[in-house]
Amino acid sequence: MTGTILFQQLINGISLGSLYGLVAIGYTMVYGILRLINFAHGDLLMFAAYTAIYLIGIFTLPWQISFPLAMVITGLMGIVLDRCAYRPLRDAPRISLLISAIGASFLLENLAIVIIGGIPKGFPRPPMFDHVITILGVRVQVLTLYTPVITIVLLLGLLYIVYRTKVGKAMRAASKDFEATRLMGINLDRVIAITFFLGSFLAAAGGIMWAMKYPQVNPFMGVFPGLKAFIAAVLGGIGNIVGAVIGGFLLGLGEIMIVAFFPEVSQYKDAFAFVILILVLLFRPTGIMGEPMIDKT
Amino acid sequence: MLKVENLQVYYGGIHALKGIHISVEKGQIVTLIGANGAGKSTTLRAIVGLVRPRSGSVKFLGNETTRLSTHQIIKQGIGIAPEGRRVFPNLTVLENLELGAYNTGGKDLEVSLDWVYTLFPRLKERHKQLAGTLSGGEQQMLALGRALMSRPDLVLLDEPSLGLAPLIVEEVFNTIQTINRQGATILLVEQNAMAALHVANYAYVLETGSVTLEGPGQQLLQDERVRKAYLGED
């Protein structure tokens with residue numbers, strides 16, 4: 001293997017990993033507050049991609065407006081999801097919440113089949129992302145370079161909200177103690193809704209970039225990236241935002257490198273992620289940056 | 001200021017509060033004493049809407065609050081230091097205090113912060129420290145300070161002396177009297193009947209979900225039954 005190819009794979013790995021990381025943030029934020037693996041989270045990628053397609057196709061909006069708008073709409077969809085599938089179960093056993101999440105995921109996928117149909121749609125990738133540039137002798141599509149940059153910018157914005165604003169403080173409080181949070185006069189349901197909005201907004205960014213990378217949008221397109229992102233969140237330490245992004249980068253790099261170094265096992269690329277999941281759960285369930293999670297009352 | 005009438009609370013099949021009447025007047029320290037499980041904490045939880053009473057009413061400043069949600073009740077002007085302190089361990093002392101003033105903004109926040117730091121200089125020294133790293137006594141001070149940050153008309157204190165060394169307990173009760181002199185009305189739930197009765201203007205004794213005795217604090221201190229049951233005298 002030459003240095004050039006290694007460099008090429010490194011860039012690909014970082015790019016893929018940043019997508020996992022972006023989606024993993026949503027898993028980790030919702031888990032941090034509700035102790036819930038929001039299995040419908042991956043389907044928001046699909047929701048965002050279709051929303052962007054229709055905003056461009058039917059409303060003929062330029063992508064500069066369609067993409068951010070699709071992200072906002074997906075964020076609102078996250079709030080709807082919480083309102084319909086999770087909020088009624090706030091005091092129910094956690095297993096009910098998990099079942100509701102799986103149900104919500106199936107519902108979204110099958111609704112998409114009914115309404116849109118199962119035939120994959122092409123994604124209108126804006127030409128500016130098609131450019132190919134050459135760095136150190138490696139030809140790279142600019143989308144591959146934009147992806148990690150956008151991820152880092154969104155991550156910094158999110159960290160600012162969580163650690164520097166009032167509502168972020170309330171989110172961190174709620175992640176430890178619901179009752180005490182309410183006793184501060186804080187509207188807990190609103191804090192949870194904002195959490196869902198932020199997580200879904202970022203998932204939408206991931207979904208749109210995913211659709212640009214693999215421009216075949218179908219109702220199940222969110223399933224695998226969703227699972228991978230979930231694994232990234234566990235790997236990074238579920239509940240920890242920075243951990244989720246680091247987990248995403250590691251998983252993306254790992255997947256790409258496995259294929260690059262051992263092309264004979266490339267068919268098992270997806271299995272790699274699940275092996276990582278099993279190993280983490282066996283040997284370090286708190287992940288890279290996670291702290292032991294105590295069950296909340 | 002606070003009027004609780006005929007409050008009935010059930011936990012599943014258990015009749016936890018059997019028609020409680022309590023009244024707190026402005027400027028007073030009122031205490032609820034009684035053994036473990038008598039319903040003291042349940043009464044507080046019902047007042048702030050964490051448990052839903054089956055019947056009865058809670059009025060705060062003349063407004064019915066019985067059916068409001070917790071954050072709405074708190075916003076009317078109540079500050080609470082819950083049982084077990086419940087400080088946010090992953091937040092700094094300062095952040096904990098700021099959350100206590102979640103619904104008050106800007107300039108008022110600085111004023112409240114100054115006030116709380118004057119009452120508890122220790123909190124000022126440790127304002128950057130994570131609350132989870134404080135000692136038990138310091139956490140109790142933080143819980144008290146946090147309850148005061150919104151400058152509430154009524155302060156609810158649930159077992160503030162629980163698990164603290166005698167010296168710290170004394171300090172806590174001194175502070176309760178200080179903030180009362182500065183204008184806060186206080187409803188104090190305590191197992192430490194002796195200390196509570198000493199500072200209270202008025203007291204209620206709870207037994208298995210009912211008020212069995214009430215009267216001015218000093219008077220209950222002299223009461224034969226109270227002395228026997230709660231002050232450990234024969």
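I began at R225(B), which counts as exposed because its relative accessibility is 55%, in a model that is predicted. I then looked for its charged partner and found that the side chain of R225(B) meets that of D223(B) in a salt bridge, at 3.5 Å from N to O. D223(B), for its part, counts as buried because its relative accessibility is 16%, under the 20% cut-off.

**Salt bridges in chain A**

D82(A), R87(A), R90(A) and D189(A) are linked in a network of salt bridges.

**Nonpolar cores**

I turned to the largest nonpolar core, which has 125 residues, and asked which of them touch the most other members; these are Y86(A), F123(A) and L187(B). The element that gives the most to this core is helix α8 (residues 188-213) of chain A, with 14 residues. I also recorded a second, separate core of 47 residues, with A81(B), V93(B), I186(B) and V199(B) among its members.

For L187(B) I listed the contacts beyond four places in sequence, and they are L2(B), V24(B), V30(B), L32(B), L44(B), I47(B), L154(B), V155(B), L156(B) and L157(B). I then checked T185(B), which lies in strand β8 (residues 185-190) of chain B and is buried, its relative accessible area being 0%. Setting aside residues up to four places away, T185(B) touches M1(B), V24(B), E25(B), K26(B), G27(B), Q28(B), D153(B), L154(B) and V155(B).

**Strands and a helix of chain B**

I followed the strand pairing from β1 (residues 2-11) of chain B, which pairs with β4 (residues 55-60) of chain B in the antiparallel sense over five bridges; here E5(B) has S57(B) in β4(B) as its bridge partner. β4(B) also pairs in the antiparallel sense with strand β5 (residues 63-64) of chain B, over two bridges, and F60(B) is bridged to N63(B) in β5(B). The hairpin of β4(B) and β5(B) has two residues between the strands, and in it I found L61(B) with a positive phi near 50°.

I next looked up T42(B), found in helix α1 (residues 40-47) of chain B, which counts as buried because its relative accessibility is 11%. Apart from neighbours within four places in sequence, T42(B) is in contact with V9(B), Y11(B), A16(B), L17(B) and V51(B). From T42(B) to P53(B) I noted a C-alpha to C-alpha distance of 9.8 Å, the two being eleven residues apart in sequence.

**A surface patch**

My last entry concerns L6(A), F261(A), F262(A), V265(A) and Y268(A), which form a nonpolar patch on the surface with about 480 Å² of accessible area together. Of these I looked up Y268(A), which is found in the loop between α10 (241-261) and α11 (269-283) of chain A and counts as exposed, with 56% relative accessibility.

Terms used
Residues numbered from 1 in each chain as written. Chains lettered and ligands numbered in written order. Predicted model: local features only at pLDDT ≥ 70, side-chain atom pairs only at ≥ 80, totals over all residues. Heavy atoms only, no water. Patch = residues over 30% accessible without salt bridge, like charges linked within 9 Å, V, L, I, M, F, W, Y side chains within 5 Å. Areas by Shrake-Rupley, 256 points an atom, 1.4 Å probe, with all protein chains shown as cover. Salt bridge = Lys/Arg side-chain N within 4 Å of Asp/Glu carboxyl O. Helix = DSSP H or I, 4+ residues; strand = E, 2+ residues; numbered from the N terminus. Buried < 20%, exposed > 50% of the residue type's maximum accessible area, 1.4 Å probe, protein only. Core = buried A, V, L, I, M, F, W, Y, C linked by side-chain atoms within 4.5 Å. Contact = heavy atoms within 4.5 Å. Pairing = 2+ DSSP bridges.
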